[in-house]
Amino acid sequence: MAKLHVTEGLMKGRAFDLGGDTVFVGRSSTNDIQINDSTISRKHIKIFRIGKKFFVEDLKSTNATLINGEMVAPGEALEVGEGDTISIGNTTIRLSGVPAVKPLDMRKLVDSNGKKRLGKDRRSRSPKNLELIYKVSELLRQSLDINQILEKVLEYLLEAFPRIDRAAIFLSHDQEGQVKAQIARSRQDGGTGTIRYSRNVVEEVLRGGKAVRMSDTAYEPLASFSGSMETSKIRSILCVPIIGKSDIRGAIYVDSLRGPYAFRKEDLFLLNTLSGVLAPILENSQRALRRRNYQAD
């Protein structure tokens, strides 16, 4: 029988039978397979079988579905096989007992009814997005301290997306949810340091562990913003959590001052992918810092 194996995440080591032709996977107990991960949508993916072939469909999830690092568009299904890595939130799963399939760009693309789609609808990811993830992955191989890594990540973000005016990475927060540290870059002055930002948005993401996207702040309630006059100039905001194995390690924040609707849903997917790359780095760095502080005491 085909099985689903959790290879990374809070439920690492668990395995589930894929009984029946259709299996729903998500955070809610109403799914056939429930995975306790706050970064997974209540109903995140559907795994279904057509003949001997297995497909994974993204159910318009908040944090996207990746197969071997490639994003599956919402409502789209892609054939999967033995050895494929399926990422949903901060959890990674694999299927066993299923046939091997062709290279990713040659696989069958189907809709929810199992009908084959035309080749022009095949999944793709922006070359800029791919380049950004590649550059960050290569950056992590270098002997740099955590601050140097994060400053470079922000530099790459500003290079890749001209609609971002300011970007910041928040490293941690205290028990009351107050921001304690940030590394930031601004396109206006080209430098690093601190920036004015929507503190309420960042604190909401750090407390709740869920992404926030504001397409046009002119239509957001005033309670969504901190009292700074500078904050009122922000037109679009995107902020995603960086979640480690057990808790929230920080957040990635970007905004635009020039106009509304600066960020698309694919930008949210990209930042979530980027946060997944950074999470273990922050986790290791913060663990090492606590160890040094303990030894100093």
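Strand S3 (22–26) and strand S5 (45–50) each contribute at least two residues to the lining of the second largest cavity, where strands (E, at least two residues) and helices (H or I, at least four) are DSSP runs numbered from the N terminus. The structure is a predicted model, in which local features need pLDDT of at least 70 and side-chain atom pairs count only at pLDDT 80 or more, whereas totals for chains, interfaces and linings use all residues. Residues are numbered from 1 along each chain as its sequence is written, and side-chain values use heavy atoms, with hydrogens and water left out.

The second largest cavity holds about 40 Å³ of space, and its lining consists of Leu-18, Gly-20, Asp-21, Thr-22, Val-23, Ile-47, Phe-48, Arg-49 and Phe-54. On a 1 Å grid over the protein atoms alone, a cavity is a set of points where a 1.4 Å probe fits but cannot get out, and a pocket is an open set with protein on both sides within 12 Å along at least five of seven lines, lining residues being those with an atom within 4 Å of a point. Grid points are joined across faces, edges and corners, and a volume is the space filled by probe spheres set on the points. S5 gives the most to the lining of this second largest cavity, with 3 residues, and the lining divides into 5 nonpolar, 2 polar and 2 charged residues; here Ala, Val, Leu, Ile, Met, Phe, Trp, Tyr, Cys and Pro count as nonpolar, Asp, Glu, Lys and Arg as charged, and the others, Gly among them, as polar.

The largest cavity is lined by Leu-157, Phe-161, Arg-163, Ile-164, Leu-238, Val-254, Phe-263, Asp-267, Leu-270 and Leu-271, with helix H4 supplying the largest share, 3 residues. By class, this lining has 8 nonpolar and 2 charged residues but no polar ones.

Leu-238, one of the residues lining the largest cavity, belongs to strand S17 (residues 236–243), which is largely enclosed by the rest of the structure because 8 of its 8 residues are buried, that is, under 20% relative accessible area, with exposed meaning over 50% and partly exposed in between (1.4 Å probe, protein chains only). Ser-236, Leu-238, Val-240 and Ile-242 point one way from S17, while Ile-237, Cys-239, Pro-241 and Ile-243 point the other way. S17 runs antiparallel to strand S16 (residues 212–214), to which 3 bridges join it, and antiparallel to strand S18 (residues 248–256), to which 8 bridges join it; two strands pair if DSSP finds at least two bridges between them. Leu-238 stands opposite Arg-213 and, in S18, opposite Val-254.

In soluble globular proteins, nonpolar side chains tend to be buried together. The largest nonpolar core has 33 residues, and those with the most contacts inside it are Leu-157, Ile-169, Ile-252 and Leu-274; such a core is a set of buried Ala, Val, Leu, Ile, Met, Phe, Trp, Tyr and Cys residues joined through side-chain atoms within 4.5 Å. Helix H1, helix H2 (146–160), strand S13 (166–170), S17, S18 and H4 each supply at least two residues of this core, and the largest share, 9 residues, comes from H2. Not counting residues up to four places away in sequence, Ile-252 touches, among others, Leu-157, Ile-169, Leu-238, Val-240 and Leu-274, contact meaning heavy atoms within 4.5 Å. A second, separate core of 24 residues includes Val-6, Val-23, Ile-67 and Val-72.

The largest pocket has a volume of about 960 Å³ and is lined by 42 residues, of which Gly-89, Asn-90, Thr-92, Gly-276 and Val-277 lie nearest its centre. Strand S10 (86–88), strand S11 (91–96), helix H1 (127–139), S17 and helix H4 (265–296) each supply at least two residues of this lining, with H4 giving the most, 11 residues. The lining of the largest pocket divides into 14 nonpolar, 20 polar and 8 charged residues.

Lys-60 is found in the loop between strand S6 (53–58) and strand S7 (65–67) and counts as exposed because its relative accessibility is 65%, while Tyr-261 lies in the loop between S18 and H4 and is exposed, with a relative accessible area of 58%.
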